[in-house]
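Dear colleague,

Please find below the structure that I am handing over to you. My notes on what was found in it follow directly after it.

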Amino acid sequence: MTSEPPSPFQGAPDAAARHAELAAARALGEALRLAVDWLRAEGSETPALDAQTLLAHVTGATRARLLAYPERALSPEQAEEYASLVARRAAREPVAYLTGQREFMGLTFRTDRRALIPRPETELLVEAALREIRRRLDNPARPAPIAADIGTGGGAIAISLAVLEPRLPRVYAVDISPDALALAAENAAALGVARRVIPLEGDLLAPLPEPVDIILANLPYIAPADAHVAPSVHGYEPHLALYSPERGLAHIRRLLEQAPAKLRPGGSLFLEFGYDQRAAVEELARRAFPTAAQRVGADYAGWDRYIEIHLAPGA
Ligand SMILES: C[S@@+](CC[C@H](N)C(=O)[O-])C[C@H]1O[C@@H](n2cnc3c(N)ncnc32)[C@H](O)[C@@H]1O
């Protein structure tokens, strides 16, 4: 006999039974309670948020309304659709793939398995680049800067820059994955900037038709052997977007080696990296641009997560 409390998994109904029970729910509050129980039993770290977001997606109601009116009815079709989505979430599929959208920089991006889901820490990279772009645009003695987002995925970085800074003449959006580029083009059209966001397929800086002033990149930077990658990430997001050889640094190294030929004099780079890669990235940046100024920025948890590299004017 053991004196330990019983495991929450003991006696838990299996997925088929939970699915049937949830599909039979006829009120919002009941459905939410069953879904939260299911997701918690499967180890979700955010069961209530996930359950509410998915039910809001199915019913078209806000999360606030779901919570305010738990007695409101759920149709059999809605309950069945909800049960199917919660089952996929219980199997670790990311919520943004289930709902097909994610907020980034206050904009709504379409998300699906063609590309990585944009992350909140990447907003800090965009904010830093926007400050530099606006500094340049505010100087009437300089021509308007041209930017390039390398490894654009679903286009979150390039499109945010184009939407939030209408004075930016064009942003190149490069990716080696045609699937990701197709999603980026859909997002650019949906957000009204298809004319100024130019998709280019190819390897890193190779497809750029002209040197640029600003290079941004959130490239793959996870070491292929990293055992800490969450199942929801490794199991669902494109491996082309996640992993890079050389302990996660090969893409950043190659981009920095190519950059001197593709950056205009006085240009700037903004590169995201992994929480333990600061020293290695600073060294790669020094090798590529020995006289440039470097600045490292941290994410909301305090980890160093991106580097700015500013070439001296004329350098
Ligand atoms: C970490 S994801 C970033 C996606 C998006 N920029 C974001 O921040 O949400 C990296 C992207 O780099 C692309 N990629 C991988 N290798 C590449 C290469 N050699 N040249 C260009 N893009 C590449 C992947 O297809 C993926 O879309």
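In which handedness of crossing, left-handed or right-handed, does H7 pass H8? The crossing of H7 past H8 is right-handed. Please bear in mind throughout that this is a predicted model.

**Helices H7 and H8**

Helix H7 covers residues 120-137, and its axis comes within 10 Å of that of H8, the two crossing at roughly 40°. That angle makes H7 oblique to H8. On the H7 side, the contact is formed by Thr-122, Val-126, Ala-129, Leu-130 and Ile-133, and on the H8 side by Ala-156, Ile-157, Ser-160, Leu-161 and Leu-164. By class, the residues of this contact are eight nonpolar and two polar, with no charged residue.

In total, 23 residues surround the ligand, and the closest are Gly-151, Gly-153, Ser-177, Asn-218 and Ala-241. The shell consists of 14 nonpolar, seven polar and two charged residues.

**Domains**

The domain assignment divides the chain into domain 1 (15-91) and domain 2 (114-310). Between the C-alpha centres of domain 1 and domain 2 there are 37 Å.

**Helices H12 and H13**

A further pair is formed by helix H12 (residues 250-262) and helix H13 (residues 278-288), whose axes come within 9 Å and cross at roughly 20°. Because the angle is under 35 degrees, H12 is roughly parallel to H13. The crossing in which H12 passes H13 is right-handed. From H12, the residues Ile-252, Arg-253, Leu-256, Glu-257, Ala-259 and Pro-260 meet Val-281, Leu-284, Ala-285 and Ala-288 of H13. This contact comprises eight nonpolar and two charged residues, and no polar ones.

**Helices H2 and H3**

Helix H2 (residues 28-41) packs against helix H3 (residues 47-59) at an angle of about 135°, and their axes are 8 Å apart. H2 and H3 are therefore oblique to each other. Their crossing is right-handed. H2 contributes Leu-28, Ala-31, Leu-32, Ala-35, Val-36, Leu-39 and Arg-40 to the contact, while H3 contributes Pro-47, Ala-48, Asp-50, Ala-51, Gln-52 and Leu-55. Sorted by class, the contact of H2 with H3 holds ten nonpolar residues, one polar residue and two charged residues.

With kind regards

Note on methods. Residues are numbered from 1 along each chain as its sequence is written. This is a predicted model: local features need pLDDT of at least 70, side-chain atom pairs count only at pLDDT 80 or more; totals for chains, interfaces and linings use all residues. A residue is near a molecule or strand if its C-beta atom, placed from the backbone, lies within 6 Å of it. Ala, Val, Leu, Ile, Met, Phe, Trp, Tyr, Cys and Pro count as nonpolar, Asp, Glu, Lys and Arg as charged, and the others, Gly among them, as polar. Domain bounds come from an automatic or database domain assignment. Axes are lines fitted to C-alpha atoms, for helices over the stretch in contact, and angles run from 0 to 180 degrees between N-to-C directions. Helices (H or I, at least four residues) and strands (E, at least two) are DSSP runs, numbered from the N terminus. Angles under 35 degrees count as roughly parallel, over 145 as roughly antiparallel, 65 to 115 as roughly perpendicular and the rest as oblique. A crossing is left-handed if the near helix is turned anticlockwise from the far one by less than a right angle, and right-handed if clockwise. Two residues are in contact if their C-beta atoms, placed from the backbone, lie within 7 Å.
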